[in-house]
Amino acid sequence: MKCKFCDRPAFIKLHYPRMYLCPEHFTEYFERKVKRTIERYRMIGPDERILVVVSGGKDSAVTAHVLKKLGYNVECLHINLGIGEYSAKSEEYAKRQCETLGVPLHIVRVRELLGKGIGEVRTRRPTCSYCGLTKRYIFNKFAHDNGFDAVATGHNLDDEASFILANLMNWNTQYLAKQGPVTPSQFNGKLVKKVKPLYELTEREVVAYALANGIEYEMEECPHAAGATTLEYKAILNGMEEKRPGTKINFVKGYLRKKALFETELEETELRECRTCGMPSNGEVCSFCRFWGLEEPIDFRIRG
Ligand code: Q46
């Protein structure tokens, strides 16, 4: 099969919209789509400083790559979770990706910072739950302490669709009211704006972009991901997408149109400053400081 736009052999067959593309025209298509997504949801402006959270995996690497190519002012943050060999390899990938791209990389290592790696804390809380809490706190506080305007993450269409489906299955209306491509800055900028530039691109397209552009990434899954229900929801959605191309994007866009329904159920919680770190909190001490037993705030300001 030939590319829809030139005589070169096709490298990918897209199902929605249906077309065959060579690596160059697929790259063009992908970048145009990211640009349109950024504009459609008014994610970031040309003068904003963006912190991309790079895990070493494909999604965040592609996010950093495309944002840099589109001319945005990008720096990266890698959070080394302290999960043995997996984290060591992820950090190496993140370093290589940023070096190739020519963007500054900042590294925060959870074990050095908090004394234990993810998976080493004796707690009844599920590992992924406190891992998520830890990552979200670190990237937000890092961005805040260093004056970034937005944090960009690598969430793609498959992540979003499976998140929505999972939360619908469990009627988590509180989560459904807050999900979306952009989370605006709140609490006098202490909660930094979060954006998802790959919001409308499938995981398959992200993998193809990485391949077409020689982006190397960590392919191994985190050892704690095994058995995650998100993988089951992704498999269900993939099955439906195969039979009815466009299922995922129509599902996510439909959700965005109906999101206001869930917002009416949103319980108003008044945020206040955490007694320890001064960051937004639902209680006297925020869940991060409480979980890690902190008594002093962590200062993430870059020195030198
Ligand atoms: S949450 Fe869980 Fe992931 Fe953290 S412990 Fe691994 S699988 S990395 S996105």
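Reader: Which element gives the largest share of the lining of the second largest pocket?

Author: This is a predicted model. Within it, helix H1 gives the largest share of that lining, with seven residues. Other elements that each supply at least two residues include strand E1 (12-15), strand E2 (18-21) and helix H8 (203-212).

Reader: What is the form of the peptide bond from Tyr16 to Pro17?

Author: That bond has omega near 0 degrees and is cis. Most peptide bonds are trans. Pro17 is placed in the loop between E1 and E2.

Reader: What is noted about phi of Arg42?

Author: Phi of Arg42 is near 45 degrees, a positive value, and the residue is not a glycine. Most residues other than glycine have a negative phi. Arg42 sits in the loop between H1 and E3.

Reader: Why are strand E5 and strand E7 said to stand at the edges of the sheet?

Author: The sheet is open, with six strands in the order E5-E4-E3-E6-E8-E7 and mixed pairing. E5 (105-109) and E7 (182-183) each have a single partner strand, so one side of each has no neighbour in the sheet.

Reader: How do you know that strand E3 and strand E6 pair?

Author: Pairing needs at least two bridges between the strands. E3 (residues 49-53) and E6 (residues 150-152) have three bridges, in the parallel sense, so they count as a pair. Val52 has Ala152 in E6 as its bridge partner. Helix H2 (residues 58-69) packs on the sheet and touches E3, strand E4 (73-80) and E6. The direction of H2 makes about 155 degrees with that of E3.

Reader: Which residues are around the ligand, and how do you know that they belong there?

Author: They are Leu81, Cys128, Cys131, Lys135, Cys222, His224 and Ala225. Each counts because one of its heavy atoms lies within 4 Å of the ligand. By class, this shell has five nonpolar, one polar and one charged residues.

Key
Residues numbered from 1 in each chain as written. Predicted model: local features only at pLDDT ≥ 70, side-chain atom pairs only at ≥ 80, totals over all residues. Heavy atoms only, no water. Nonpolar A, V, L, I, M, F, W, Y, C, P; charged D, E, K, R; others polar. Helix = DSSP H or I, 4+ residues; strand = E, 2+ residues; numbered from the N terminus. Contact = heavy atoms within 4.5 Å. Axes fitted to C-alpha atoms, helices over the stretch in contact; angles between N-to-C directions.
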